[in-house]
Amino acid sequence: MEGRPSSSYSFSGDPANPSGSRQTPKVILLQHPPPSSASSLIRPSPSHFAKWLSRIQRKSVMEWLELLLPCIRWIRTYKWREYLQADIMAGITVGTMLVPQAMSYAKLAGLHPIYGLYSGFVPIFAYAIFGSSRQLAIGPVALVSLLVSNTLSSIVDSTDELYTELAILLALLVGILECVMGILRLGWLIRFISHSVISGFTTSSAIVIALSQAKYFLGYSITRSSKIIPLVKSIIAGADKFSWPPFVMGSIMLAILLTMKQLGKKQKKLRFLRVAGPLTAVILGTVFVKILHPQSISVVGGIPEGLPSFSVPTCFDYVKRLIPTALLITGVAILESVGIAKALAAKNGYEIDSNQELFGLGVANICGSFFSAYPTTGSFSRSAVNNESGAKTGLSGFIMGVIILCALQFLTPLFTDIPQCTLAAIVVSAVMGLIDYEEAIFLWRVDKRDFLLWVTTSITTLFLGIEIGVLVGVGASLAFVIHESANPHIAVLGRLPGTTVYRNIKQYPEAYTYKGIVVVRIDAPIYFANISYIKERLQKYEVGFDGTTNSGIEVNTMSYVVIEMAPVTYIDSSAAQALKELYQEYKARDIQMALSNPNREVLSTLAMAGVLELLGKQWYFVRVHDAVQVCLSHMQGNFVTPNTGGEEPKQDIVRKQGNTSLSSFFFGKKDADELDEERPLIIEIPED
C-alpha cells in the first residue's frame, strides 16, 4: 500500500545500500474474485434484524435490567463510605442553586414561577432512575424556556390558562420524541449540525434572552419577541416609563451574581460562591422588600403550596402547531445534554450510550408532563457545579429532588416577596456565559468557512427569529456537508525521491511525476452525487496535460491514468457504471486506465458491475508503484503479456533501450544517475 516502501525492492543506487545488490522490483499479486462468481468475494452479511435478534438473545437478565434501569449499574457498585457524603453535598449544593433558577426560567418561559419548581421536581427523580449519566443535572434551562415562550406567545396570551396547558403538553411531546429517537437510535442525525452553528445560535439566543428580561430592570412592559429589532424598538418606545428603583436593585443584584461567579471560577477555595450566588441574591432581595416595602418594585406574589397533583395533559388539538418546537427542543437536548453527559462520563471514567441517554431524558419529560412540568433538559452550569462538588452517582439527583420537594412543601410562603428584578438578574447572569464571542475569534483564525456559518446563524437568529435562525444554520451546515461530499478532494500523486511512496505533489513539490502517466488519488467514497465531479476532474487532467513532468519518456500526450483507490471505502452502482463509461472514453483516445489498491467491498462491486472484466485484471494493482512500473514498461514497448496458461509465475526481463535507462523511468532522473548500469530489471508477473 502507498505510504510503506516494500521490502521487495533493493537498488544499488541508494546511498544506504552501497553494496550494489541487484535491483528486483516485483508486481505484487492482487487477489481477484474467482471467475465463477465475482460476488463470492464478500459473504452476505447478516441483516440488521438478525444482528439485533442475536444481541437480544445474548443479553442476560441483569443486562436487560441495566438497560431498562441504568441506575442499577451504580447501585450495584455503590461505595457507601466513599460516595455517600460527596453525593449528598453535591445534591444539596445544586438543589439550592436550582430553586431560584427554576423560578427565574419559568418567568422567562412566560409561566408562573411555581411551574419552574414543578419542572425541577418529578423529572429529576425520573432521570435519576432512567438516565445513564451520573453527574448530569436536568431541569429548566434558559434556551428551552425561550423556545417555549416564543412558540406559545404566538398562539395564546401568557395570562391565559391555555398557555400553561400548552407548555405542559409540549413537555409530553418532547418526551415522546426523545424516547422514539432513543429507541430507534436516531441520535446520530444531529451530528450533521456544525458546532459553529450551535455556537452562533446560542450566542444570539443569549442576547435575546437578556433583552427580554429588560422589562424587570426598567420597570415597564416590552414586546414579547425572539427578534432583536422589535425588542429594541419596544425598549426605546417605553423609555418615558423608566423607573429607577428596579433598575438600581436589579443592577446591584446582577453585579453581586457576576462577582460571586467570577470569584468562584478563579479560586478553588471560593467555589461555593458560584453556587451560592442565586440564593444570596434571592435572600438579599427578599429581605430588602420585606423591610422597605417599595411600591415600584414588583414581586413574585402568591405561590401555591404543596406538591403538584397528577393530571394528564390536554389540548391535543394544538399538537400540529407544537411539533416543530418539540423537534427543536429535542435537538437542543441532543446537542447540549447528551454532549455534556458524554464529556462528564469520560471525565469520571465510565461510558454512556447517547441513545439511552436520550431515552432517559424522554422518560423524564413524559413523567414531568403528568405533574405540571414544562420541557426540561440538562443544564451546563448546574451539571458543571454538580461535578465540581464531587457527585459520584445519580444519588445526587435524588438529593436535588428532595431539596425541591422541601421547597414546594414548606418554603413557598417565603417566595412571595422575591423581587422580579432579582429573578431577571439570575437569568441574565446565567445566559451571559452563553455569549461565545471567543469561538467566533477562534473560527476566524482557523477556518473562515466555519466563521461564515457562525455569523450567518447568529445574524439570522437575531434579526429573523429563533426558528428561522435554526433552519438557516442547519441548512447551511448540511449544504457544506453535501458540498464536501459531492466535491471530494482529488490529488495528483508523485513518487518521493529514493522511495516507492507516492504523495500529493502540492504537498511534496519534490515528488517525481512521469511523462505520459497521471496518478490521482480520490479521497472519498465514490457514489452518484460525486461521480460527475470526479469524471470532470479526470478529464481536466487530460486536457491540461502538457508533458512537462520531470521524468520518463519524452511524450506530449497522456497515455495512462492510475487511480489510487485506497481511500475509497465505498462505490455504488452509478459510480461503477460511470467508470465503465470513462474507460470507454479513454480507450477511444488511446488512454489506458489502471486502478490501485481497491478494498474488498469496492473490488467486489466493480467485479459484479463488469468493470473488472472490462478493464482487465492485469490493470488492477496492490500499489501505485506497481501500476507505474507496468505503465512505463508498456510505454517502452517491452512488456510481455502475462502467462495465463496455468504455469508457475514467470519473470520477464526488460532491458534498457536507446539512451534512456529504465531506472530513469522507475526512479527519476536524479536517482537514475546512480542506477544506470547494464543490468536487467525483473518484473514478476503472477498469473490471474
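The largest pocket in this predicted model holds about 960 Å³ of space. Two quick notes on how to read that. Residues are numbered from 1 along each chain as its sequence is written, and side-chain values use heavy atoms, with hydrogens and water left out. Because the model is predicted, local features need pLDDT of at least 70 and side-chain atom pairs count only at pLDDT 80 or more, while totals for chains, interfaces and linings use all residues.

Now, the pocket. On a 1 Å grid over the protein atoms alone, a pocket is an open set of points with protein on both sides within 12 Å along at least five of seven lines; a cavity is a set where a 1.4 Å probe fits but cannot get out; lining residues have an atom within 4 Å of a point. Points are joined across faces, edges and corners, and a volume is the space filled by probe spheres set on them.

Who lines the largest pocket? There are 35 residues, and Phe 380, Ser 381, Ala 430, Gly 433 and Leu 434 are the closest to its centre. Several helices give two or more residues each, among them helix 4 (80-108), helix 7, helix 14 (319-347) and helix 16 (380-388). Helices here are DSSP runs of H or I, at least four residues, and strands are runs of E, at least two, numbered from the N terminus. By class, the lining has 18 nonpolar, eleven polar and six charged residues. Nonpolar covers Ala, Val, Leu, Ile, Met, Phe, Trp, Tyr, Cys and Pro; charged covers Asp, Glu, Lys and Arg; the others, Gly among them, are polar.

Helix 7 gives the largest share, four residues. In that lining, five residues are nonpolar, eight polar and three charged.

Stay with helix 7, residues 142-153, and look at Thr 151 in it. Is Thr 151 buried or exposed? Its relative accessibility is 6%, so Thr 151 counts as buried. Buried means under 20% relative accessible area, exposed over 50%, partly exposed in between, with a 1.4 Å probe and protein chains only. The Thr 151 side chain reaches the backbone oxygen of Leu 147 at 3.0 Å. It also makes a polar contact of 2.5 Å with the side chain of Thr 325. A polar contact is a pair of N or O atoms within 3.5 Å; within protein, one must be able to donate a hydrogen and the other to accept it, and residues adjacent in sequence count only if both atoms are side-chain atoms.

Six strands form an open sheet, in the order 4-3-5-6-7-8, with mixed pairing. Strand 4 (502-504) and strand 8 (620-621) are at the edges with a single partner strand each, so one side of each has no neighbour in the sheet. Two strands pair if DSSP finds at least two bridges between them. Strand 7 (residues 592-596) and strand 8 pair in the parallel sense over two bridges. There, Leu 595 stands opposite Tyr 620 in strand 8.

Last stop: Asp 523, in the loop between strand 5 (517-522) and helix 22 (531-543). Asp 523 is partly exposed, at 29% relative accessible area. Its side chain makes a polar contact of 2.7 Å with the side chain of His 489. The side chain of Arg 521 is another polar partner of Asp 523, at 2.7 Å.
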